[in-house]
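Reader: I have a chain open here and would like to go through it with you. Can we start with the overall picture and then move to the details?

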Amino acid sequence: MEIFSLRSSQSLLFKNNPNNAKNSKTADIHIETKAPAPVSFQIEDNPDEGPDFTAVSPGELRTYARQSFDSGLIDQNTYAAISEPLPMHAIDPLGNILDLSSVTDGTSFNFLDYYKNQLQVAMSIGDPNEVQTLKSIVNFLDG
């Protein structure tokens, strides 16, 4: 392999000479492109056929929320709230304590009812920021 200096005027003449272009070894180089990696979870084009949020695992919900956030369907606050792990215990609108300690990443859970109940609790307490975030989550899950 020959290396030519850019400072040498002779090398510029060599490159510009049409007779030398035939001898170029770079003409045989081909770059192969790989197909893109398959996506393991993808949002369907029809939003009416989304996952059943009454029986979905926390991991699946986070994945779906991430896809929705990346495509602009939900805002950052909604995505952050959905991505948070469930608390060990929660209060329903009637004041009963719900034990959520058995819900793991692989456990199917009714997130739609959970967030609707949490919205009712937040509305009764009167925290406007929490109410707005929970309304956004319920609209996303119910949508």
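Reader: Of the contacts in the chain with a separation of 6 or more, what share is between residues 24 or more positions apart?
Author: The share is 54%. Keep in mind that this is a predicted model.

Reader: How many helices and strands are there in the chain?
Author: The chain has 6 helices and 2 strands.

Reader: In what order do the elements run from the N terminus on?
Author: The order is α-α-α-α-β-β-α-α.

Reader: And what percentage of the residues is buried?
Author: Of the 143 residues in the chain, 25% are buried.

Reader: On to helix packing. At what angle do α5 and α6 pack?
Author: Helix α5, residues 111-125, packs against helix α6, residues 128-142, at an angle of about 155°. Their axes are 9 Å apart. An angle over 145 degrees counts as roughly antiparallel, so α5 is roughly antiparallel to α6.

Reader: Left-handed or right-handed crossing?
Author: The crossing of α5 past α6 is left-handed.

Reader: Which residues meet there?
Author: On the α5 side they are Phe111, Leu112, Tyr115, Lys116, Gln118, Leu119, Ala122 and Met123. On the α6 side they are Glu130, Val131, Leu134, Lys135, Ile137, Val138, Leu141 and Asp142. By class, the contact of α5 with α6 has 11 nonpolar, 1 polar and 4 charged residues.

Reader: Leu112 is in that list. Is it buried or exposed?
Author: Leu112, which lies in helix α5, has a relative accessibility of 11%, so it counts as buried. The cut-off for buried is under 20%.

Reader: What does Leu112 touch, leaving aside neighbours within four places in sequence?
Author: Leu112 is in contact with Phe53, Thr54, Val138, Leu141 and Asp142. Phe53 is 59 residues from Leu112 in sequence, yet their C-alpha atoms are 5.6 Å apart.

Reader: Let's switch to aromatics. How many aromatic pairs does the count come to?
Author: It comes to 8 aromatic pairs. One of them is Phe109 with Phe111: the ring centres are 4.9 Å apart and the planes are at 80°, so the pair is edge-to-face.

Reader: Why is that pair edge-to-face?
Author: Planes over 60 degrees apart count as edge-to-face, and the planes of Phe109 and Phe111 are at 80°.

Reader: Which residues do ring pairs link into a cluster with Phe109?
Author: The cluster takes in Phe109, Phe111, Tyr114 and Tyr115. Of these, Phe111 and Tyr115 are also among the α5 residues that meet α6.

Reader: Back to helices. What angle do α4 and α6 make?
Author: Helix α4, residues 76-83, and α6 pack at an angle of about 80°, with their axes 9 Å apart. The two are therefore roughly perpendicular to each other.

Reader: Which residues make that contact?
Author: Asn77, Thr78, Ala81 and Ile82 in α4 meet Thr133, Ser136, Ile137 and Phe140 in α6. The contact of α4 with α6 divides into 4 nonpolar and 4 polar residues, with no charged ones. Ile137 of α6 is in the contact with α5 too.

Reader: And at what angle do α3 and α4 pack?
Author: Helix α3, residues 58-70, packs with α4 at an angle of about 170°, and the axes are 9 Å apart. That makes α3 roughly antiparallel to α4. From α3, the contact uses Leu61, Arg62, Ala65, Arg66 and Phe69; from α4, it uses Gln76, Tyr79, Ile82 and Ser83. The classes for α3 with α4 are 5 nonpolar, 2 polar and 2 charged.

Reader: Last one: where is Ala80, and how far is it from Arg66?
Author: Ala80 is in helix α4. At 38% relative accessibility, Ala80 counts as partly exposed. Ala80 and Arg66 are 14 residues apart along the chain, with 9.4 Å between their C-alpha atoms.

Notes: Residues are numbered from 1 along each chain as its sequence is written. This is a predicted model: local features need pLDDT of at least 70, side-chain atom pairs count only at pLDDT 80 or more; totals for chains, interfaces and linings use all residues. Side-chain values use heavy atoms; hydrogens and water are left out. Rings of Phe, Tyr and Trp (its six-membered ring) pair if their centres lie within 6.5 Å; planes under 30 degrees apart count as stacked, over 60 as edge-to-face and the rest as tilted. Axes are lines fitted to C-alpha atoms, for helices over the stretch in contact, and angles run from 0 to 180 degrees between N-to-C directions. Helices (H or I, at least four residues) and strands (E, at least two) are DSSP runs, numbered from the N terminus. Angles under 35 degrees count as roughly parallel, over 145 as roughly antiparallel, 65 to 115 as roughly perpendicular and the rest as oblique. A crossing is left-handed if the near helix is turned anticlockwise from the far one by less than a right angle, and right-handed if clockwise. Contact means heavy atoms within 4.5 Å. Ala, Val, Leu, Ile, Met, Phe, Trp, Tyr, Cys and Pro count as nonpolar, Asp, Glu, Lys and Arg as charged, and the others, Gly among them, as polar. Buried means under 20% relative accessible area, exposed over 50%, partly exposed in between (1.4 Å probe, protein chains only).
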